[in-house]
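Take a look at the model first, then read on.

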Amino acid sequence: MKMTFRWYGEGNDPIPLKYIKQIPNCSGIMGVLDQYAAGEVWPEDVIGDYVKHVNAAGLEVEVIESVNVHEDIKLGLPSRDRYIDNYRHTVRNLAKHGIKVIIYNFMPVFDWLRTDLAREIPEDGSNSLYYDEQELLGMTPQMIVERTAETSGFTLPGWEPERLADLDRVMKLYEGVSQTQLLENFKYFLEGVIPTCEEVGVRLAVHPDDPAWPIFGLPRIVHTKEQLQAIVDLVDSPANSLCVCTGSLGSNPANDIVDILRTFSEQGRLACAHVRNV
Ligand SMILES: [Mn+2]
């Protein structure tokens, strides 16, 4: 097992690589190239330059986050085949530069959700991401997007403006998509990309829903042990793996994190983990 640190990229992350290098036993970063919208192919030369840049700081980059799945794939639209093809292309390009694990998610529309991106903690003046269910119930999806754009100061993976520009249209498309249908669409995606992953030695690791329950009436199927098992069972391959996020799953106290880690580790389906508090 290796310990790495999430890094959002030059100009997007206030923490420089040389600080991460100072963390004892930290061998690398979990990287991201968030300038590409879901469905776009990540160019090989850009990936190469990125990996070189990280390596030059004395750090490895074996895990890449947020190769986002296009909504058409999650919705099961006929156009999904083109985006699955692009996904395979990105997998190949990443593998050429030593990437071993790709973290992705299968959450409709909203990648992850907070009601406040910089909530000040009165005790010490620090700030953190914050989620308040009561507050969320009084907000529309559009309000969340606007607030994110106003307060963050950077582009956060999953909240790219172009991805959210047609929010109303996409929300409408999900009306009538059941959890069962979403799981079917998930299977179709995995059957399309897993053979390529196996061929080039990359493991896909699905990140759980964050928070660990449905929001805004959208279907969600990646937030309980049973659901994770159903996903692992969709395609029987070590390339079809999980990224167990202790914080996301832990947001629902009913999830026994230790049991989940043990179960999927024993099945050989734990590619990586996010270790954080709720
Ligand atoms: Mn996480």
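Helices (H or I, at least four residues) and strands (E, at least two) are DSSP runs, numbered from the N terminus.

Keep in mind that this is a predicted model: local features need pLDDT of at least 70, side-chain atom pairs count only at pLDDT 80 or more, and totals for chains, interfaces and linings use all residues. Residues are numbered from 1 along each chain as its sequence is written.

**Helix 2, side by side**

- After helix 2 comes Gly58, with a positive phi near 80°.

**The whole chain**

- The protein chain has 12 helices and nine strands.
- Its radius of gyration is 18 Å, close to the 19 Å that the globule rule gives for 278 residues, so the chain is as compact as a globular protein of that length. The radius is taken over C-alpha atoms, and the globule rule is 2.2 Å times the number of residues to the power 0.38.
- Along its principal axes, the C-alpha trace spans about 50 × 45 × 40 Å.
- Of the 278 residues in the protein chain, 36% are buried.
- Among contacts between residues at least 6 apart in sequence, 75% join residues at least 24 apart. Two residues are in contact if their C-beta atoms, placed from the backbone, lie within 7 Å.

**The core and Ile102**

- In soluble globular proteins, nonpolar side chains tend to be buried together.
- Here, the largest nonpolar core has 63 residues, and those with the most contacts inside it are Ile102, Val193, Ala205, Val206, Leu242 and Cys243. The largest share of this core, seven residues, comes from helix 9 (residues 179-200).
- A nonpolar core is a set of buried Ala, Val, Leu, Ile, Met, Phe, Trp, Tyr and Cys residues joined through C-beta atoms within 7 Å.
- Which residues does Ile102 contact, leaving aside neighbours within four places in sequence? They are Ile64, Val67, Val91, Leu94, Val202, Leu204 and Ala205.

**Strand 4 and its partners**

- From strand 4 (residues 101-104), Val101 and Ile103 point one way while Ile102 and Tyr104 point the other way, and all are buried.
- Strand 4 pairs with strand 3 in the parallel sense over two bridges; two strands pair if DSSP finds at least two bridges between them.
- Ile102 is the bridge partner of Ile64.
- Strand 4 also runs parallel to strand 7 (residues 203-206), joined by four bridges, and there Ile102 stands opposite Leu204.

- Most residues other than glycine have a negative phi, and most peptide bonds are trans.
- Val109, in the loop between strand 4 and strand 5 (116-120), has a positive phi near 65°. With 19 C-beta neighbours inside 10 Å, Val109 counts as partly exposed.
- Phe216 has a positive phi as well, near 50°, and lies in the loop between strand 7 and helix 10.
- Is the peptide bond from Asp210 to Pro211 cis or trans? That bond is cis, with omega near 0°, and Pro211 lies in the loop between strand 7 and helix 10.

Technical notes. A residue is buried if 20 or more other C-beta atoms lie within 10 Å of its own, exposed if 12 or fewer, and partly exposed in between; C-beta atoms are placed from the backbone.
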